[in-house]
Amino acid sequence: VEKYYLDRGKQIHMAILEPDEFKKNYTVVDFEVPKSEQQKQFCEDYIKLMDDSKISNHGILLEEDALCKAYVENYKTAKYNDKTITLAKELKNKLGRYIEYLIKRKQFKDILSWSDWNRITSLKEGIVKHKLAKELLSLDELSTKQAWNELQIFWDDPIHNLPCKSMIDRLIVDEENKEIILVDLKTANTFKDFKERCRDLGYFRQMAFYWFAIYWWTKNALNKDYKDYTAKTYIVALKTT
């Protein structure tokens with residue numbers, strides 16, 4: 001259960017902060033799982049036969065041949081004839097969405113369910129409707145601000161000389177208004193007692209740790225000192241339900 005919520009949080013972060021990466025890693029297929037092991041194996045055998053034919057030295061295997069071979073292999077009473085080809089085509093059409101899922105599973109990190117896909121879409125739409133959240137999480141092409149998303153910072157603590165790592169969801173530098181802004185996304189299934197949750201989980205310590213990282217990074221990576229800028233911290237809370 002914990003891994004599911006962790007993965008879901010990563011998906012939401014990537015969809016909002018790295019939309020191009022999200023498209024590369026995730027897709028959605030609505031399908032019904034085959035009702036029998038024979039049907040599952042038929043789909044897998046069909047895909048394997050088609051894949052093998054593409055790298056075979058004997059030319060490309062016709063789709064009808066692949067369908068028929070997969071059917072005969074899993075339905076022992078079937079024979080290699082026109083009737084079997086018809087039955088195999090009917091079964092392929094019936095299980096077409098599942099076959100699509102099996103093919104896409106090789107290309108993407110994960111396949112999302114329609115409910116997860118719609119949840120992410122709804123969250124993105126909610127951000128657009130919220131004036132401040134939209135302003136913090138998107139910059140138009142004419143903006144003079146600079147922004148970094150999912151910024152990994154490996155830095156050394158200046159007091160104890162310890163190696164540290166931080167992952168900043170979003171950092172914005174506004175030269176015109178002399179502001180440097182930290183934006184952190186949090187997901188929750190309810191906003192009830194959210195203020196208490198921030199306290200109990202020590203989000204204030206997390207943000208303070210991030211600011212140590214940011215000042216180190218801007219000084220060492222950007223060769224700039226933003227300590228005279230107004231530092232602002234925002235937590236954008238997304239209700240996943």
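You're looking at a predicted model, where local features need pLDDT of at least 70, side-chain atom pairs count only at pLDDT 80 or more, and totals for chains, interfaces and linings use all residues. Residues are numbered from 1 along each chain as its sequence is written, and side-chain values use heavy atoms, with hydrogens and water left out. The protein has 10 helices and 6 strands; helices (H or I, at least four residues) and strands (E, at least two) are DSSP runs, numbered from the N terminus.

**Overall build**

- The radius of gyration of the protein is 26 Å, whereas a compact globule of 241 residues would have one near 18 Å. That radius is taken over C-alpha atoms, and the globule rule is 2.2 Å times the number of residues to the power 0.38.
- Follow the C-alpha trace along its principal axes and you get spans of about 80 × 45 × 40 Å.
- How many of the 241 residues count as buried? The share is 38%, where buried means under 20% relative accessible area, exposed means over 50%, and partly exposed is in between (1.4 Å probe, protein chains only).
- Take the contacts between residues at least 6 apart in sequence: 63% of them join residues at least 24 apart. A contact here means heavy atoms within 4.5 Å.

**Surface and charge**

**Aromatic rings**

- The protein has 10 aromatic pairs. Rings of Phe, Tyr and Trp (its six-membered ring) pair if their centres lie within 6.5 Å; planes under 30 degrees apart count as stacked, over 60 as edge-to-face and the rest as tilted.
- One of the pairs is Trp148 with Trp217, an edge-to-face pair at 5.2 Å centre to centre, with 80° between the planes. This pair links distant parts of the chain, with Trp148 in strand E3 (residues 146-156) and Trp217 in helix H10 (residues 203-220), 69 residues apart. Both Trp148 and Trp217 are buried.
- Tyr226 and Tyr229 also make an edge-to-face pair, at 4.9 Å centre to centre and 75° between the planes. Tyr226 and Tyr229 are buried too.
- Phe22, Tyr26 and Trp117 are joined into a cluster by ring pairs.

**Pro34 and Gln39, two residues in contact**

- Pro34 sits in the loop between strand E1 (26-28) and H3. Pro34 counts as buried because its relative accessibility is 7%.
- Not counting residues up to four places away in sequence, Pro34 touches Gln39, Lys40, Leu95 and Tyr98.
- Gln39 belongs to helix H3 (residues 37-55). Why does Gln39 count as buried? Gln39 does so because its relative accessibility is 11%.
- Leaving aside neighbours within four places in sequence, the contacts of Gln39 are Pro34, Tyr75, Leu91, Lys94 and Leu95.

**Residues in other loops**

- Leu62 lies in the loop between H3 and helix H4 (63-74), and Leu62 is exposed because its relative accessible area is 58%. Leu62 and Leu49 are 13 residues apart in sequence, and their C-alpha atoms are 9.8 Å apart in space.
- Ser138 is in the loop between helix H8 (131-137) and E3. With 38% relative accessibility, Ser138 counts as partly exposed.
- Asn161 isn't a glycine, yet has a positive phi of about 55°. You'll find Asn161 in the loop between E3 and strand E4 (163-174), where Asn161 is exposed with a relative accessible area of 60%.
- Asp193 is another residue other than glycine with a positive phi, near 60°. Asp193 is in the loop between strand E5 (179-188) and helix H9 (194-200), and a relative accessible area of 48% makes Asp193 partly exposed.
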